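Biologist: Could you take me through the labels used for this protein, and set each value beside the cut-off behind it?

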Amino acid sequence: GPGQAEMYAGLQELGVANGEDLKETLTNCTEPLKAIEQFQTENGVLLPSLQYALPFLDLHGTPRLEFHQSVFDELREKLLERVSAIALEGKVEERYKKLEDLLEKSFSLVKMPSIQPVVMCVMKHLPKVPEKKLKLVMADKDLYKACAVEVKRQIWQDNQALFGDEVSPLLKQYILEKENILFSSDISFLQNFFSPSPKTRRQGEVVQKLTQMIGKNVKLYDMVLQFLRTLFLRTRNVHYCTLRAELLMSLHDLEISEICTVDPCHKFTWCLDACIREKFVDNKRARELQGFLDGVKKGQEQVLGDLSMILCDPFAINTLALSTIRHLQDLVGQDTLPRESPDLLLLLRMLSLGQGAWDMIDSQVFKEPKMEAELITRFLPLLMSFVVDDHTFTVDQKLPSEEKGPIPYPSTIPEAFTKFLQENRIACEIGLYYILHITKQRNKNAFLRLLPALVETFSDLAFSDIFLHLLTGNLTLLSDEFALEEFCTSLFDGFFLTACSRKENVHRHVLRLLLHLHHKVAPAKLESLQKALEPTKQSGEAVKELYNQLSEKLELRKPSPAEATETPSMELPLPTVPTPASR
């Protein structure tokens, strides 16, 4: 076919006979057999010893093709080894000169499947493949596909659009993987979105593929960062910030100094990475991080845009927020005010920088966001007063009660707290982490007290996937409370259902939670929830799927009509057991 002709066309350029030549010889000759013999002699393997061996193979019925093929494969292996050796020996200019000559000679055969690996191997070892050859490779889909990544890098670095086409599906896959974890059907307070260590996360498929594509090429690394910035701006999706940090640290793991030394965020990210691993910012590392922030020189403020993106990574925010809550508890014990703690102030400074990332990159105004004094003088002391309320209540419970009866848990929330959660992003983030903290401590009283403040929060943060993922996990620790009407009404009617109809993701999280805990919920409440959570025409596939799973589970729980009518006759008076005092 025409493919064959094209494939072997390169042989003529090199003065090697091909099928066309044989056809011509046979058409114009008088003795075809003699002509074939002569063609074989002229174009066969030129080794005197073979003259007698070949007829011997013919006797054994081994086709000449098979013999030539095996010799060829053997030679090709040797040639590939030789090419790789040339790439490492002698003076740099000489070795590359040899490879370039070899490429010149062999490139015309690049379409021959048998020769292609050799041509590709030569190109792979050339740090600069001639422009003309790169253009030919680029123009041919199959050749481009067959290229080694070393050659593709040379093509990509001058073709941002082509590189973008290669990277784009990986970035989509990465975001999808993150969302699948947040909506995972496994709900647990032990294992959550933030459980995997940074080292483990960097082993993920997408990070590894991108690392491989970039190699040591600073230009490609910069392009990927540019893609991530652009996508973060376009979507506000914070998972792009995670990938920005993971990619840098993956190159750090491989000790690719060519890139790490030119990324101004490298040391900061490395230090923060260690904090994320421990889920805590200790004093020594806090000093180090502060040194980097204070060290940003005049004229280099643009680095703040990059640092803010590193700090906007949810894993960084999680670490900073957990550390903030721990600091606040320590301050209660030490009777110290927030404004007197430099470590706490640094955590807030980094939280503001991270939370301000989108605005900074969008406005291109590179300066640290101003910290609102009220956050430090009013909001944090409020949180500390909640910690004190808990201590007081616990102590009161233990004291022998006088005639006055037990002291009730404070049920109202200061208006200022609700206002801060609505109007101040950092306050809101810390407030939400405080609520996660009391839920994890199984502190039902404090949880029910503060829950109403979550209905309206800054930019709806209380209905964001990361918070709801963590909250649903921690609520499994309060699973016994779901039998109580009052608890369910506060949690579902008072919080979740206020947003279900306008926010698909909230609908999904409630269904996830019920799929996990439905057997704990009072039957009457469960029935009304099932009605309230029914998908509408606008609901997406995920909601419908979860709702159907829940309905199936509830169907299985219903007693059959026969059982329902028989039950009364079997009712025996139960012996009364003193109930243990609830904690």
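Modeller: What follows is a discussion of helix packing and salt bridges in a predicted model.

Biologist: What makes Ala416, Phe417, Phe420 and Leu421 of helix H24 lie on the same side of that helix?

Modeller: These four are the buried residues of H24, which spans residues 415–423, and they cover an arc of only 135° around the axis, which puts them on the same side. The face turned away from that buried side carries the exposed residues Glu415 and Glu423. As for partners, the buried residues of H24 pack against helix H23 (373–398), helix H25 (425–440) and helix H26 (444–450).

Biologist: Why are H20 and H25 called roughly perpendicular?

Modeller: Helix H20 (residues 314–334) and H25 pack at an angle of about 70°, their axes being 10 Å apart; angles of 65 to 115 degrees count as roughly perpendicular, and the two helices therefore receive that description.

Biologist: Which residues of H20 and H25 meet there?

Modeller: On the H20 side they are Ile317, Asn318, Ala321, Leu322, Thr324, Ile325 and Gln329, and on the H25 side Glu429, Ile430, Tyr433, Tyr434 and His437. Sorted by class, this contact of H20 with H25 has seven nonpolar, four polar and one charged residues.

Biologist: How do you know that Lys216 forms a salt bridge with Glu258?

Modeller: The closest N and O atoms of Lys216 and Glu258 are 3.8 Å apart, and the definition asks for a side-chain nitrogen of Lys or Arg within 4 Å of a carboxyl oxygen of Asp or Glu, so the pair qualifies. Lys216 lies in the loop between helix H13 (205–214) and helix H14 (218–235), whereas Glu258 is in helix H16 (residues 257–260), so the pair ties together parts that are 42 residues apart in sequence.

Biologist: Why does Lys216 count as exposed, and why is Glu258 called partly exposed?

Modeller: Exposed means over 50% relative accessible area, and Lys216, at 52%, therefore counts as exposed. Glu258 has 36% relative accessibility and so counts as partly exposed, the range for that label lying between under 20% for buried and over 50% for exposed.

Biologist: What makes Arg449 buried, and how is its salt-bridge partner Asp389 classed?

Modeller: Arg449 has a relative accessible area of 8%, and buried means under 20%, so Arg449 is buried. Asp389, at 24% relative accessibility, counts as partly exposed. The closest N and O atoms of this salt bridge are 2.9 Å apart, and the pair links distant parts of the chain, with Arg449 in helix H26 and Asp389 in helix H23, 60 residues apart.

Definitions and conventions:
Residues are numbered from 1 along each chain as its sequence is written. This is a predicted model: local features need pLDDT of at least 70, side-chain atom pairs count only at pLDDT 80 or more; totals for chains, interfaces and linings use all residues. Side-chain values use heavy atoms; hydrogens and water are left out. Buried means under 20% relative accessible area, exposed over 50%, partly exposed in between (1.4 Å probe, protein chains only). The arc is that of the directions from the helix axis to the C-beta atoms. Contact means heavy atoms within 4.5 Å. Axes are lines fitted to C-alpha atoms, for helices over the stretch in contact, and angles run from 0 to 180 degrees between N-to-C directions. Angles under 35 degrees count as roughly parallel, over 145 as roughly antiparallel, 65 to 115 as roughly perpendicular and the rest as oblique. Ala, Val, Leu, Ile, Met, Phe, Trp, Tyr, Cys and Pro count as nonpolar, Asp, Glu, Lys and Arg as charged, and the others, Gly among them, as polar.
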